[in-house]
Amino acid sequence: MLDEAQVVSALAARDIVPDATQRDAIAALVTLLGAHGRHAKPASASAHQGVYCHGVPGRGKSLVVDTVFELASCRKRRLHFHEFLREMNRRLVSEPRGDDRLGSVSRQWLDGVELLCFDEFHVHDIADAFLMGRFLDTAISLGTRIVLTSNYAPEALLSNPEFHERFLPTIEQIKRCFTVIHFDGERDYRFGGEEAALPHFFAPLDAATGDALLQIFVRYEGSETLEPATVSAAGRPLAARAAGAALLWVNFENLCVASRSHLDYLDLAEQWRGLILDQVHTEWLEKAHTLQRLIWLVDIFYDRKCALFIASDQPIEAALSGLEGAHDLSRTLSRLAEMQSRGYHSMLDGTHRLTDATGVDAPAAAQAS
């Protein structure tokens, strides 16, 4: 049976000593996993069936949860919230009509899962709120153990005043059935890391930046000949400057200014190990929809441990600082800081002059949130 000492030891192997809040989370997660079996119920009325970890980005939420998840010996699944929504909506499309299609699909999805971990849980849309409310009802009734990491306290979910009241029953259910832990440590585990040997972000958009991007492409693809290509993203064509076996090179206008969704980015992250995002004119980021698409892209590529190289007219992090109009921008800045550090191990690591795309490993779990 998993105990706290095992988790602390696993963190120590990564030179991390958990702070007080992280130790509280470890204790809650170990207690949660103490009840075995899909239909095992909490030993007492006061016991909880889930753990909800929330706080500002980089305070080690996913760091702790992923460590416990890796050590857990039950039937388990961990995924990003965007991926979950895609899977559920795909199943709903093919589900026969009935009185409770969402409940039926939820039960099918949960079949065989004893421990479920959602990374970056959020609810900004009323349709997602309805889906998530019914899904949590089903999971709790089945006895599934649930772990959620979020930048939002339960009370802050679906903050839109037009819809917030309709989500209150689910918020109350989370507070009643989950141990809620606020990660409030001072340290941001993504900032302050040693910079990666290979630069990832470039500015301005000049000849030197163009040469640097070409060398990155050559490093992983072995060819200096760039051939424009049209690739598929969620079933729709996407014009690319080049598409190798491991690395895709796309202009920002085609990928984030154009009308795209998180489904496009999920598909691309499943096809390639890394992305060169070129020709980012930062004035475009002042448009809320464009900024939100960049946030989705960073979230998804980070979660899948894909490499990200960005070329912009001015330093991307400086351009993003202070912008408004999109959800979760602070998390994006934190993740971009980690993605250019030595501590970020992407699927491109160890890949040189790749000539085919076979044998792609599943991406490692995100290290911190």
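This report walks through a sheet, one aspartate and the cysteines of the structure above.

The model is predicted, so local features need pLDDT of at least 70, side-chain atom pairs count only at pLDDT 80 or more, and totals for chains, interfaces and linings use all residues. Residues are numbered from 1 along each chain as its sequence is written, and side-chain values use heavy atoms, leaving out hydrogens and water.

Let us start with the sheet. Five strands, in the order E6-E12-E11-E10-E9, form an open sheet with mixed pairing. Its edge strands, E6 (201-202) and E9 (242-243), each pair on one side only. Strands (E, at least two residues) are DSSP runs numbered from the N terminus, and two of them pair if DSSP finds at least two bridges between them. E6 and E12 (residues 307-312) run parallel, joined by 2 bridges; phenylalanine 201 has isoleucine 310 as its bridge partner in E12.

Next comes aspartate 278, which lies in strand E11 (residues 274-280). Its side chain makes a polar contact with the side chain of tryptophan 249 at 3.2 Å; such a contact is a pair of N or O atoms within 3.5 Å, where within protein one must be able to donate a hydrogen and the other to accept it, and residues adjacent in sequence count only if both atoms are side-chain atoms.

Buried means under 20% relative accessible area, exposed over 50%, and partly exposed in between (1.4 Å probe, protein chains only).

| Residue | Relative accessible area | Class |
|---|---|---|
| Aspartate 278 | 3% | buried |
| Cysteine 177 | 16% | buried |
| Cysteine 306 | 0% | buried |

Finally, a search of the whole structure finds 0 disulfides, meaning pairs of cysteine sulfur atoms within 2.5 Å.

Note on methods. Helices (H or I, at least four residues) and strands (E, at least two) are DSSP runs, numbered from the N terminus.
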